[in-house]
Amino acid sequence: MNSRHRQTEASSDAPWREPGRELLHGLEVATLVQVGVLLLFASWAFGGGTDWARLLLSCWGSLGGLITLASVLHFRRRGDGRLRPLRWLWPLAAFNVLVLVSCLNPSFSERFFAGQSLLAYTGAAHSWLPSTAHPPTSLEHLWLFDAVYLSCFNLVLVIRRRRALRGLLVAACANGVALSIFGTFQNLTSDGLYFGRVPSPNPRFFSTFVYANHWAAFILLFMAACAGLISYQARHQPDNRLAGSPLAMGIVSLLLMAMTPTIGGSRSGTLLVMILLGGCVGHAFIRIRRQRRSAGESAALAVGGLALCVVLAAGTAAYLGRVTLRERWHDTQGQWQAGMTGERLKLYADTWHLAADRPFSGWGLGCFDKALLLARPRPLEARRQYEHSYVDAHSDWLQSLAEVGFVGTILIGLCGLLPLQDLWRARHLGPLTAYLLAGCGLILLYAGVEFPFGNPAVMIAFWTCFFCAVRHGRRQDFLSGRNASASAEP
C-alpha cells in the first residue's frame, strides 16, 4: 500500500522535475517570436525612426495585446496565480485614460498662412481637463507605447521557463554584434546608411541608426545582457575554461559591441560604455580572484589576460575611430567656445517653464515641438535665419513632464516600479538579472540629459531587457505551493 502510494506521488511530481525538457506552449512561442521580430525589425529599420517604420512597429506590436488577452482566457480557470502580473497594468490603463481624454480636448487648432497649414494656440475648451496640442500625434505615440509595453510585458505573463528568456537574449545580442560589425565596416568604407545607399539626415550616424547617441543607448542594453549571460554561464560551467566554451565567444561579442560608440563618435555613449565595462571588469576580477584563492592557485595570469583583452579592445576602438574622435574633439571645443552648454541649459529652462504652466497633464503626448513654439516663437518669414528651435528637449524626463505632466510621468514610472516589487523581496537576484537592471538604470540616468526613449528601437530594447530581468529574477514560477518550488528552472 505504501509503495503504491509512493509510486503515485512520484508520478504526480514527475512533470515538475524537469520543466526544461517540456515543449514550449503555443503562447510562449508566439510571445518570443513577436518580441524578437519587433526588436529585429526596429533595429534594422533605421532604429524605427521613420514614419513608415513606426507605423509597422505599432501594427506588429499590437499583436502583443492579443497575446495578453489570449493568455488571460487561457490561464483564468487555473487559479494558480499566473495572472497576478496583470495587477501591474493599472498605471498603463490610467495613462491611456489621461491621454485619450486630452485628445478630446485639444488646445491648438489649425490655421493657414500663405497656403501653409499651421497650428495656433487657441486654448482648450475645458481648461480643467487634460489637453493636447495635436490629437493625432498623441494617439500615434500612445499606440506605439502600448504596443511595445504589452508585447514585452508578455515575457513575464506568458513565459514559464527562464531558459527561453536566455535564448531570446542570446539572439538579441547576436543581432547587436551583427549590427556592430555592419556599422564598423560601413563607417570605414562609405558615407551614408546601408553603405551609402541611403543618405543620412544626421552626420553622426552609426550602423542603421540615424543618431549615434541612440545607437549607443541601444547597444549598451545588449552589452549589459551579454555581460549577464557571460556571468551566468561562468557560474554554471564547472571548469570555466575559455577554449571551446561559450564564454570566449561571449567576451569577444561584448568587446565588439563596446567599441562601436567610440567608432561612431558618441561622446556620451563612450562614457556610458566605460562605466558599464568598468563594472564588468571589476566584477570579473573579484570573481576570478575568489575562485583561484579557493582552489589555491594564482589569479595573476587570468587577471592579466582579461586586462589585456580590455586594453586591446580600447586601443582598437581608438584606432578605428581616430578620425571621428579628432572631429568630435574639435566639435567639443567649438561648442564650448560658442556657448552651446548655455544654450542647452536654456532649453531645459524653457521645457521646465512649459511643464510648470500645465503641471497636471502637460501639453500632450508627443507634442513637445509644438508646445515649445509658445516659449520660442518661430518667425513666419519664408527665408528666415536659423533659430534655436528643437524637436526634442534632450532630456526625456523633462520632456515627459512637459508633455504629460507630473501625473502622466508618475504613471509611466509606476509602469516600471510595480513589476519590481517581487524582486525587492529577493535576497539574491542572480548575475543576469543584476546586469540587465544595471543597463536599464544607466539608460534611465542617460535620459536625464538626452532623449534615448525618443527612438523606438531603444524603447523596445529597454522594455525587453527590463521584463526579462523581472521574469528571470523570480526564482519561482507563477504557480503556488510545492509545485511552484519544484518547477523553478535553474
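Reader: How many helices and strands does the protein chain have?
Author: This is a predicted model: local features need pLDDT of at least 70, side-chain atom pairs count only at pLDDT 80 or more, and totals for chains, interfaces and linings use all residues. Residues are numbered from 1 along each chain as its sequence is written, and side-chain values use heavy atoms, leaving out hydrogens and water. Helices (H or I, at least four residues) and strands (E, at least two) are DSSP runs, numbered from the N terminus. The protein chain has 20 helices and two strands.

Reader: What percentage of the residues of the protein chain count as buried?
Author: Buried means under 20% relative accessible area, exposed over 50%, and partly exposed in between (1.4 Å probe, protein chains only). Of the 490 residues of the protein chain, the buried share is 48%.

Reader: Among contacts between residues at least 6 apart in sequence, what percentage join residues at least 24 apart?
Author: Contact means heavy atoms within 4.5 Å. For the protein chain, the share of such contacts that join residues at least 24 apart is 75%.

Reader: Which residue is 7.9 Å from W463, C-alpha to C-alpha?
Author: W463 sits in helix 19 (residues 456–473). At 7% relative accessibility, W463 is buried. Leaving aside residues up to four places away in sequence, W463 touches F145, V148, Y149, C152, C415 and G416. The residue at 7.9 Å is 310 residues away in sequence: F153.

Reader: Which residues link up in a network of salt bridges?
Author: A salt bridge is a side-chain nitrogen of Lys or Arg within 4 Å of a carboxyl oxygen of Asp or Glu. R160 pairs with E28, the closest N and O atoms being 3.0 Å apart. R161 also forms a salt bridge with E28, at 3.1 Å, N to O. The network is E28, R160 and R161.

Reader: Is K370 buried or exposed?
Author: The structure holds three salt bridges. One of them joins K370 and D369 at 3.7 Å, N to O. D369 is partly exposed, with a relative accessible area of 25%. K370 has a relative accessible area of 18%, so K370 is buried.

Reader: Are helix 2 and helix 4 roughly parallel or antiparallel?
Author: Axes are lines fitted to C-alpha atoms, for helices over the stretch in contact, and angles run from 0 to 180 degrees between N-to-C directions. Angles under 35 degrees count as roughly parallel, over 145 as roughly antiparallel, 65 to 115 as roughly perpendicular and the rest as oblique. The axes of helix 2 and helix 4 (residues 63–75) come within 11 Å and cross at roughly 165°. Helix 2 and helix 4 are therefore roughly antiparallel.

Reader: Which residues of helix 4 make the contact with helix 2?
Author: On the helix 2 side, the contact uses L27, A30, T31 and Q34. The helix 4 side uses L63, G64, I67, A70, S71 and H74.

Reader: Is the crossing of helix 7 and helix 10 left-handed or right-handed?
Author: Helix 7 and helix 10 (residues 246–263) pack at about 45°, with their axes 9 Å apart. That makes helix 7 oblique to helix 10. A crossing is left-handed if the near helix is turned anticlockwise from the far one by less than a right angle, and right-handed if clockwise. The crossing of helix 7 and helix 10 is left-handed.

Reader: What is the phi of F46?
Author: Most residues other than glycine have a negative phi. F46 lies in the loop between helix 2 and helix 3 (51–61) and is buried, at 14% relative accessibility. Its phi is positive, near 60°.

Reader: What is the relative accessibility of S207?
Author: S207 also has a positive phi, near 55°. S207 lies in the loop between helix 8 (193–196) and helix 9 (212–236). S207 counts as buried, its relative accessibility being 0%.

Reader: Which residues of helix 18 are buried?
Author: Helix 18 (residues 431–446) has 16 residues. The buried ones are P431, L432, T433, Y435, L436, G439, C440, L442, I443 and Y446.

Notes: Expected span 1.5 Å × (residues − 1).
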